[in-house]
Amino acid sequence: MTRAVVLRGLLAVTAAFAMHAPAQAQAQAIAFPQRPVTLIVPFPPGGPSDALARGFALHMGKQLGQPVIIENVAGAGGTIGLTKVAKATPDGYTLGFGTIGTHVANVALYKKLPYDPEKDFLPVGLAGSAPMLLLARADLPANDLKEFVTWLGTHKGKASFGSAGVGSISHYGCVLLLSALKQNVAHIPYKGVAPAMNDLMGGQTDFMCDQTTTALPQVAGGKVKALAVLSATRLPQLPKTGTAADAGFALDVRAWNAIFAPRGTPEPAMARLRAALADTAADPEFRKQMLAVGVDLPSAEALQPAAVSALIARGLRDDVPALKAKGDYLD
């Protein structure tokens with residue numbers, strides 16, 4: 001066999017490979033996922049983030065053709081679960097359900113955060129947001145934010161607020177509120193929203209800040225009272241409850257949630273995940289279910305990865321200084 005014949009053969013093989021390469025890449029993109037996807041929720045079962053994550057997991061699983069399985073890895077304000085996500089194999093099969101707490105508040109509240117919220121993750125997209133409510137025990141003698149401020153002034157050193165734990169969204173919301181009010185109040189952290197809410201209903205604590213997802217049923221049942229919406233607009237579910245702005249405070253605290261993958265996850269897998277998230281957020285029935293519990297699902301533009309990155313950057317720039325000034329630091 002002459003050298004020319006060999007060379008022609010090699011060229012033919014190279015050309016054939018080049019022709020098939022795009023098809024192979026497309027096949028790899030279509031192939032994901034070939035097994036169940038794990039979505040790590042860094043909080044205990046039953047909380048607002050857990051409930052929202054389960055809704056997205058169910059609908060995204062239908063879009064992906066594989067189950068999306070929830071794994072609760074709670075502890076240390078969500079840092080344990082998010083660290084597991086950051087260190088996971090970046091293949092698209094391990095995701096994390098991050099929040100404004102895990103990606104903003106924890107930067108201020110923990111001296112040694114074991115992950116970088118901007119560098120260690122790739123945003124799949126925004127998974128909804130919910131306004132925060134200032135809640136009080138049912139017998140607290142205040143009915144709005146102005147009366148609450150007056151009450152705090154007469155109970156210095158006596159009042160207390162509960163949260164789902166240091167670094168949780170409920171902790172984050174109340175720290176920002178107290179910073180705006182220029183008040184210092186004893187913080188009692190619990191292991192999750194449920195025990196914090198139980199003690200508020202029982203009168204063991206005076207107030208807490210919680211997102212609408214879990215707060216609205218308790219307000220509707222008369223077990224706690226809503227004193228203010230900590231965002232710019234009133235809620236249709238609570239039309240008589242004023243906002244922080246109504247009381248003269250420039251405060252807009254919303255609990256956002258987003259789905260993240262480990263940095264380095266291949267783009268074909270990310271594209272499939274983003275498409276599944278977008279289809280879920282656009283589903284009319286799912287949007288109706290979320291609206292009923294006070295969750296705002298993002299528009300197609302707002303759920304984009306760039307929007308999530310902007311939320312994190314803005315929180316690190318604007319909120320972290322206030323949290324550092326009044327937050328609880330951990331080693």
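Reply: By class, nine nonpolar, two polar and five charged residues make up the lining of the largest pocket in this predicted model. That lining has 16 residues, and those nearest the centre of the pocket are Ile100, Asp252, Arg254, Leu311 and Arg314. Several elements give two or more residues to the lining, namely α4 (100-109), β4 (121-137), α6 (169-181), β9 (254-262) and α11 (305-318). Of the elements, α11 gives the most, with four residues. The space in this largest pocket comes to about 380 Å³.

The second largest pocket may be described in the same terms. It holds about 220 Å³ of space. Its lining consists of 19 residues, and Phe43, Gly47, Pro48, Ala164 and Val193 are the closest to its centre. At least two lining residues come from each of α2 (48-64), α6, α7 (193-202) and β7 (207-211). By class, the lining of the second largest pocket has nine nonpolar, seven polar and three charged residues.

Helix α6 is named for the largest pocket, and α6 is named again for the second largest pocket. This helix also packs against another helix. Two packed helices are described by the angle between their axes and the distance between the axes. For helix α5 (residues 145-153) and α6, the axes come within 12 Å and cross at roughly 75 degrees. Angles of 65 to 115 degrees count as roughly perpendicular, and α5 is therefore roughly perpendicular to α6. On the side of α5, the contact is made by Leu145, Phe148, Val149 and Leu152, while α6 contributes Leu177, Leu178 and Leu181. By class, this contact has seven nonpolar residues, with no polar and no charged ones.

The phi angle of lysine 182 is near 55 degrees, a positive value in a residue other than glycine. Lysine 182 has a relative accessible area of 71% and is exposed, because the cut-off for that term is over 50%.

Alanine 76 also has a phi near 55 degrees, again a positive value in a residue other than glycine. Its place is in the loop between β2 (68-72) and α3 (79-86). With a relative accessible area of 37%, alanine 76 is partly exposed, because this value lies between the limits of 20% and 50%.

Another loop, the one between α1 (3-31) and β1 (37-41), contains proline 33. Phenylalanine 32 and proline 33 are joined by a cis peptide bond, with omega at about -5 degrees.

Leaving aside residues up to four places away in sequence, threonine 94 touches Thr38, Ile40, Ala88, Ala261 and Pro262.

To return to the part requested, the lining of the largest pocket includes five charged residues beside its nine nonpolar and two polar ones, and α11 is the element that gives the most to it.

Notes
Residues numbered from 1 in each chain as written. Predicted model: local features only at pLDDT ≥ 70, side-chain atom pairs only at ≥ 80, totals over all residues. Heavy atoms only, no water. 1 Å grid on protein atoms, 1.4 Å probe; cavity = no way out; pocket = protein on both sides within 12 Å on 5 of 7 lines; lining within 4 Å. Points joined across faces, edges and corners; volume = space filled by probe spheres on them. Nonpolar A, V, L, I, M, F, W, Y, C, P; charged D, E, K, R; others polar. Contact = heavy atoms within 4.5 Å. Buried < 20%, exposed > 50% of the residue type's maximum accessible area, 1.4 Å probe, protein only. Axes fitted to C-alpha atoms, helices over the stretch in contact; angles between N-to-C directions. Parallel < 35°, antiparallel > 145°, perpendicular 65-115°, else oblique.
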